[in-house]
Amino acid sequence: MKSVGRREFLGGALLGGAALLTTGVRAQVARQADARVEVLIDEPIGTISPDLYGHFAEHLGGVIYDGIWVGENSNIPNIGGIRAALVENMRRIKAPVIRWPGGCFADSYNWHDGVGPRSQRPRRTNFWVDAPEWRNAPDGPWKYDPNQFGTNEFARFCKLSGAQPYFAANLRSLPAKDTYEWVEYCNSPAGSTSLAELRAAGNEREPFNVRFWGIGNEAWGCGGNFTPEEYAMEFRRFIAWIPSYGVKLALIGSGPNGGDLGWTRRFFTKLVEKGSGQLGSLYGWGLHNYSWNLSKGESDDWFQAKGDGLNFGVEEWYELFRQGDTMEPLINSHWQAMGEIDRQHRVKLIVDEWGAWYRPGTETHPSHLLGQASTLRDALLSGLTLDTFNRHADKVIMANVAQLINCLHSLFIAHEDKFIVTPTFHVFDMYSAHQGGRSVRTVFSAPTVTYTRAGKPASFWGLAGSASIHDKELVLTAVNPHASEAKDTEIVVQGGTIQSALARTLTSSDIHAHNTFDNPRGLEPKDVEAGLKGPTLVFRFPPASVTRLQISLG
Ligand code: AHR
């Protein structure tokens, strides 16, 4: 990706939407376009794992209770207690995988509490009960968890949604034996063990065949406060001889917080002390990176410094993107650090928590701890992050946006019988077209955006995106971060011929645009059709937009 200064020859406005141009008018296009995208279809990066479009649901605030689980006797339309509208929309975006039950909660969770007859399950204090972010939250299932949503309910939610389950096992507060037993409960064949019978008593006779198992969460913090060496030893102990029940288990290590390369290097160094064969036991290395939105003076007290989900100016608009854009160097630097020990790169990256994290104040209900409103700004952060994952499809095999509903960077907001999708949902919907495609190299050239950051001049790239090939179709997605300027862009496919194109764009003249219970369709993407034939596609990327182009190639 490359940025250039604004072309002096920028001419008059181009056509609105997209148009395909014949060779005869190409020279005119060159004079008028102020950005260019080259798609190099003969330069493949790797297959885009559908799991890059994964999700995360923790027993935190309103995610499970009020969000996913409404109960079988609820008047809210549900499927065995699970919110029906949520399931329907998860299917629509082809949700591939859901991580559960945390997060920090995972290392306090005893899975035994969430199985067996629901009426007999214990109520337990939730990990988040003392969180300083709660503001006037009443007591309820979010503070004292009734365990109505346990393993069977989660597995059913995944199945209904068409997604794979990804369990985060408790490493901090339970022995390894409980992880083994959880695997046995989920995966042992029907009738084979007492735990398989317990599963069957909950109407799930057949094994869940759960493949993805995280060994703890944030082991450097809430997951045990370990050093990387201590965690590596615990990791080896936890995974040693886990019975597989014929399932190829994909074990995931608790990786770094953002740019902590020491955590990565020291873990890998300790892991292979028992031989490099240990690398074969690690499917993925979990990286967590939130966009904290620290623009106001970069105070240490992030809680005070951050703006909220709705009240922000142009500076905070760009600041969020600047922070989200750190994902790319993080992927590259951890990949390199892993490669120092794992020379063949057997272990891939899994970004199992990412998203925007604002200060409280825009949550829908006081019980929605870490709940926040989601605007067009979050849609652009989603687009630029998903594009980053696509561009690194050779390194990243799964990512899980945090979190699914009623929380940070959510796709959905629900309270009782009210339910809406957020702008982030629309981006996941548009970008689902990339799933399973062959990511190919792109070169974006556009004038940089300039703005004022903490009183000083700052700049940010002017247009970025990613592309994937699916037989004869090219999917190109792009983000124009400029708050007020469109980008007239010439799009060239090297190694292919453009036959036709369809465009879909999410944008608004108001950078704060979002959906509410009263106005659920306030912000939605719109289709623009482009039907002309020719070698060059010209598209006007509107200001503050996320766009998907579906291009038929000859
Ligand atoms: O997503 C909220 C929290 O952020 C998770 O529980 C934890 O893993 C991370 O610090």
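**Entry 1. Backbone**

I began with Gln 403, which I located in the loop between strand S15 (396-402) and strand S16 (412-415). For the elements I took helices (H or I, at least four residues) and strands (E, at least two) as DSSP runs, numbered from the N terminus. The peptide bond from Ala 402 to Gln 403 is cis, with omega near -10 degrees.

I note that this is a predicted model, in which local features need pLDDT of at least 70 and side-chain atom pairs count only at pLDDT 80 or more, while totals for chains, interfaces and linings use all residues. Residues are numbered from 1 along each chain as its sequence is written, and side-chain values use heavy atoms, with hydrogens and water left out.

I found another cis bond from Trp 100 to Pro 101, with omega near 5 degrees. Pro 101 belongs to the loop between strand S7 (97-100) and strand S8 (124-125). I then checked Glu 218 and read a phi near 45 degrees, a positive value in a residue other than glycine. Glu 218 sits in the loop between strand S11 (212-215) and H6. Most residues other than glycine have a negative phi, and most peptide bonds are trans.

**Entry 2. Ligand**

For Glu 218, I read 2.8 Å between an N or O atom of the side chain and an oxygen atom of the ligand. A polar side-chain atom of Tyr 290 is 2.7 Å from a ligand oxygen, and for Glu 353 the distance is 2.7 Å. A polar contact here is a pair of N or O atoms within 3.5 Å. The protein covers 93% of the 280 Å² of accessible area that the ligand has on its own (Shrake-Rupley method, 1.4 Å probe).

**Entry 3. Pockets**

The ligand takes up the space of the second largest pocket, where a molecule sits in a pocket if more than half of its atoms lie within 2 Å of its grid points. A pocket is an open set of points on a 1 Å grid over the protein atoms alone, where a 1.4 Å probe fits, with protein on both sides within 12 Å along at least five of seven lines; lining residues have an atom within 4 Å of a point.

I recorded about 340 Å³ for the second largest pocket, a volume being the space filled by probe spheres set on the points. Of its 23 lining residues, Glu 218, Trp 220, Tyr 290, Trp 292 and Trp 357 lie nearest the centre. Strand S13 (residues 284-291) gives the most to this lining, with three residues.

The largest pocket holds about 390 Å³.

How values were computed
A polar contact is a pair of N or O atoms within 3.5 Å; within protein, one must be able to donate a hydrogen and the other to accept it, and residues adjacent in sequence count only if both atoms are side-chain atoms.
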